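Dear colleague,

I am handing over the structure below, and my notes on what was found in it follow directly after. Please read them with the coordinates open.

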Amino acid sequence: MKITGISSGFSEANAEALVAAVYKDEKASSADLKALDKLTGGLVADLFANEDFKGKSGDTALIRFTPKGGMKASRLLLVGVGEKKDYKVPAVATLSGTATRFLRKRGIKSFALDARISGDAVTVSQYAAQGMITSQFELDKYKTKDRSTNQVTAGVIYISGAKPADLKNGINRGRVIGDSMNFTRDLANEPPNILHPTEMAKRAQAMAKEAGLKCEVLTEAQMEKMGMGSILSVTKGTTQPAKMIVLRYTPAKSTAKNNEMLALVGKAVTFDTGGISLKPGPGMEAMKYDMSGGATVMGTMRAIGLLKPSVPVIGVIGAVENMPDGGASRPADVVTAMNGKTIEILNTDAEGRLVLADAVAYAEKQGATRIVDMATLTGAVIIALGGYNTGVMGNDQGLMDEIIACGKQTGEGFWQLPVGPEYSKDIKSDIADIKNIGPAGKAGTIMGAVFIQEFIDKAKWAHLDIAGTAWNDSVRPFQAKGPTGVAIRSLLELVERSQ
Ligand code: BES
Ligand code: ZN
Ligand code: ZN
């Protein structure tokens with residue numbers, strides 16, 4: 001998709017349609033809406049007067065008109081953005097995505113967008129461009145017929161009076177972020193026979209080359225040598241070899257405060273059958289997305305490599321398939337993790353924490369002083385928070401507050417749940433140091449977090465449970481159903497704030 005920016009001449013833009021945001025209950029009284037009303041021979045005012053369009057978030061109205069003079073566009077699409085006071089910059093991605101999907105469906109290939117929001121031009125154009133790109137992602141890559149072939153091929157972002165350099169910079173950022181989100185979404189959508197740990201490592205290597213990152217892939221033999229008995233216990237029932245994927249971004253010159261080094265650590269269970277604690281058949285297919293934490297690390301590292309912040313970041317991804325066979329781990333097995341702690345496995349379906357145990361310990365050994373892990377870790381977080389908020393837990397309130405603030409800034413919801421010694425007590429094992437589950441039906445999401453905490457030594461640490469937010473079961477006006485690419489924007493913000 002070709003995306004360009006203009007700072008004047010909105011109605012003369014080189015596009016088939018003009019798109020303008022409209023606030024809730026707005027009348028055609030502002031100068032810009034008056035101009036559009038004039039252009040359409042009074043149809044905008046008419047639409048508002050008849051209450052056909054109220055500017056509610058997601059409302060759309062398409063008006064055809066006869067272009068005058070040097071104009072190319074012959075359509076005006078109005079998109080509601082809700083109350084003006086609640087309309088914030090991240091909503092521009094929703095707006096541009098809604099417009100893209102609406103026009104694409106009708107065979108329109110180009111549009112110019114006036115988001116009608118104040119804010120710096122770099123950020124506004126970034127969200128506008130990102131929405132254009134993420135809204136065109138579809139799940140149909142394996143269809144041989146009936147693929148959605150309609151594409152919007154050109155977007156023009158209009159910001160009155162913006163500097164050309166700011167538009168260019170914002171559009172480039174939006175493209176990198178949007179493509180990185182789609183990269184993550186494509187991985188999450190891949191069928192598990194195609195995306196096994198070896199394939200995930202291959203894709204990480206190819207991505208690293210494109211984004212200027214270093215990539216190292218640890219084999220099972222290397223993990224064994226380092227004593228990673230926890231992650232290795234998960235891979236025992238599959239024929240697919242496990243991989244620990246390590247991505248490194250090193251800036252030309254670091255400005256990291258206090259020499260901090262951030263690690264992003266992801267759970268990548270390419271398919272989770274539950275192992276010997278087998279999951280029920282119906283719905284098991286959803287577990288192809290159980291590598292979303294790792295895919296999120298890969299997408300974020302891609303954006304970091306291309307946008308080049310001045311702080312180092314390391315990405316660690318534990319990639320493994322959880323299958324049951326004669327060699328698989330049993331409930332009652334005891335294994336030893338890289339940090340020497342012994343774990344009684346009481347449920348082989350609580351495997352994500354076993355993967356992360358060694359992955360976070362490895363990240364800290366590599367010098368990480370701040371660790372953010374992400375995982376589709378528990379069904380319980382879906383019950384607690386649904387699809388609108390990612391669960392956040394950790395040992396450092398400052399880091400968690402920063403992540404929540406980054407989410408506010410980028411339009412992503414994070415909600416903190418508690419951890420503490422009273423919860424940690426619940427995972428004490430009778431025969432080993434800890435067990436991998438807590439009491440049935442109690443604080444399932446927190447039990448996952450306090451387990452991972454046992455493998456953090458001195459680092460500041462936050463855990464993101466994205467089980468409810470990484471996948472959306474229904475289509476939205478601005479987004480296909482399926483993988484969402486959640487947390488990438490917030491994590492990038494976290495990295496850029498630490499420069
Ligand atoms: N990958 C699942 C978490 C999950 C479950 C995500 C359902 C989305 C929907 C994870 O490995 C798992 O199975 N967790 C168990 C933990 C339990 C055995 C303590 C769960 O949440 O049921
Ligand atoms: Zn599981
Ligand atoms: Zn899992």
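Arg106 is placed over the face of Phe102, at 3.6 Å from the ring centre, where a charge is taken to sit over a ring if NZ of Lys or CZ of Arg is within 6 Å of the ring centre and within 35 degrees of the ring normal. Please keep in mind that this is a predicted model, in which local features need pLDDT of at least 70 and side-chain atom pairs count only at pLDDT 80 or more, while totals for chains, interfaces and linings use all residues. Residues are numbered from 1 along each chain as its sequence is written, chains are lettered from A and ligands numbered from 1 in the order in which they are written, and side-chain values use heavy atoms, with hydrogens and water left out.

On ring pairs, the structure holds five aromatic pairs, a pair being rings of Phe, Tyr and Trp (its six-membered ring) with centres within 6.5 Å, called stacked if the planes are under 30 degrees apart, edge-to-face if over 60 and tilted for the rest. One of the five pairs is formed by Tyr23 and Tyr87, whose ring centres are 6.1 Å apart with the planes at 50°, so this pair is tilted. Tyr23 lies in the loop between strand E2 (17-22) and helix H1 (31-39), and Tyr87 in the loop between strand E4 (75-80) and helix H3 (91-105), so the pair ties together parts that are 64 residues apart in sequence; helices (H or I, at least four residues) and strands (E, at least two) are DSSP runs numbered from the N terminus. Tyr23 is buried at a relative accessible area of 10%, and Tyr87 is buried at 6%, where buried means under 20% relative accessible area, exposed over 50% and partly exposed in between (1.4 Å probe, protein chains only).

Turning to the metals, the zinc ion (ligand 2) is coordinated by Asp272 (OD), Asp349 (O), Asp349 (OD) and Glu351 (OE), at 2.0 to 2.2 Å. Donors here are N, O and S atoms within 2.8 Å of the metal (3.2 Å for Na, K and Ca), and water is not among the atoms, so sites may look incomplete. Six donor atoms surround the zinc ion (ligand 2) and subtend angles of 72 to 168°, which makes the arrangement irregular.

The zinc ion (ligand 3) and the zinc ion (ligand 2) are 3.2 Å apart, with Asp272 coordinating both. Asp272 lies in strand E9 and Glu351 in the loop between E12 and H10, so these two tie together parts that are 79 residues apart in sequence. Asp272 is buried at 3% relative accessible area and Glu351 is buried at 1%, whereas Asp349 is partly exposed at 23%.

Around ligand 1 there are 17 residues, of which Lys279, Asp290, Asp349, Glu351 and Gly379 come nearest, a residue being near if one of its heavy atoms lies within 4 Å. A polar side-chain atom of Asp349 lies 2.8 Å from an oxygen atom of ligand 1, and an N or O atom in the side chain of Lys267 is 3.2 Å from an oxygen atom of ligand 1.

Two backbone details remain. Glu51, in the loop between helix H2 (43-49) and strand E3 (60-64), has a positive phi of about 60° although it is not a glycine. Ala332, in the loop between strand E10 (313-322) and strand E11 (334-336), has a positive phi of about 110° and is likewise not a glycine; Ala332 is partly exposed, at a relative accessible area of 46%.

Conventions: Tetrahedral: all angles 85-135°; square planar, octahedral: opposite > 155°, others 65-115°. Polar contact = N/O pair within 3.5 Å; in protein donor to acceptor, adjacent residues only side chain to side chain.
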